[in-house]
Amino acid sequence: MVYVGIPKGQANQEEEVLKTIQDGDSDELTIKRFTESREKPGALWHIYAAKDTEKIREFLKKVAEEQGQENPVDHDPIHDQSWYLDRPLRKRLHQEYGVQGWAIVQFLGDVVFIPAGAPHQVHNLYSCIKVAEDFVSPEHVKHCFWLTQEFRYLSHTHTNHEDKLQVKNVIYHAVKDAVGILRANESSLSRP
């Protein structure tokens, strides 16, 4: 979080932000960072374990049906980013599916790391600028590849339809570099 713009002269906005942080299931230490240390909160994140993705997807489809919304085959309630799980929905997700995430308030200067495939949502508390960087770690190549396969089934107009991580290219170049290093050092590797 590189910038948090807090407007001057709006006294009630600070109270609204505090209420949002509290309703967002933030812990006491986080609340104290805002109320006592006077740090600048920019965003409230809710991050869920990647293993709970299917349960969350099923829950969102169920809620959509209850509200009379369609669930087209070429759309995905998680990748569409059309839902925000407020406190009542988060509570219901926990009660009905046993899924509970982590609430993280990102203050000015904080970094939030989101593991591969972890469903997440963000609520900006003030005007803020966040710098994001996607990467593929060797431990998560399999999961990232699975995600790109998931994206293929979205509609052609969907923003996530393309493989933004370029996982196949990452794998290709990693193998190519490894083979190049082995060939360059082949003579020293064969010595007893």
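This is a predicted model: local features need pLDDT of at least 70, side-chain atom pairs count only at pLDDT 80 or more; totals for chains, interfaces and linings use all residues.
User: What makes Phe59 and Tyr97 an edge-to-face pair?

Analyst: A pair of aromatic rings is described by the distance of the centres and the angle of the planes. Rings count as a pair if their centres lie within 6.5 Å, and planes over 60 degrees apart count as edge-to-face. For Phe59 and Tyr97 the centres are 5.8 Å apart and the planes sit at 75°, so the pair is edge-to-face. By this rule, the count is one aromatic pair.

User: Which parts does that pair tie together, and how far apart are they in sequence?

Analyst: Phe59 belongs to helix H3 (residues 53-66) and Tyr97 to helix H4 (residues 87-97), so the contact ties together parts 38 residues apart in sequence. Both Phe59 and Tyr97 are buried, by the way.

User: Why is Asp25 called partly exposed?

Analyst: Buried means under 20% relative accessible area and exposed means over 50%, with partly exposed in between. Asp25 comes out at 40%, so it counts as partly exposed. You'll find Asp25 in the loop between helix H1 (11-23) and helix H2 (28-35).

User: How do you know that the buried residues of H2 line one face?

Analyst: The buried ones are Thr30, Ile31 and Phe34. Looking down the axis of H2, they fall within an arc of 100°, so they line one face of the helix. Glu28 and Leu29, on the other side of H2, are exposed.

User: What makes Asp27 a cap for H2?

Analyst: A polar contact needs N or O atoms within 3.5 Å. A side-chain oxygen of Asp27 lies 3.2 Å from the backbone nitrogen of Leu29, and Asp27 caps the N-terminal end of H2.

User: Why are S3 and S4 called edge strands?

Analyst: Three strands make an open sheet in the order S3-S2-S4, with antiparallel pairing. Strand S3 (102-107) and strand S4 (120-124) each pair on one side only, and that is what being an edge strand comes down to here.

User: How do you know that S2 and S4 pair?

Analyst: Two strands pair if there are at least two bridges between them. Strand S2 (residues 41-47) and S4 have five, in the antiparallel sense. Trp45, for instance, stands opposite Val122 in S4.

Conventions
Residues are numbered from 1 along each chain as its sequence is written. Side-chain values use heavy atoms; hydrogens and water are left out. Rings of Phe, Tyr and Trp (its six-membered ring) pair if their centres lie within 6.5 Å; planes under 30 degrees apart count as stacked, over 60 as edge-to-face and the rest as tilted. Helices (H or I, at least four residues) and strands (E, at least two) are DSSP runs, numbered from the N terminus. Buried means under 20% relative accessible area, exposed over 50%, partly exposed in between (1.4 Å probe, protein chains only). The arc is that of the directions from the helix axis to the C-beta atoms. A polar contact is a pair of N or O atoms within 3.5 Å; within protein, one must be able to donate a hydrogen and the other to accept it, and residues adjacent in sequence count only if both atoms are side-chain atoms.
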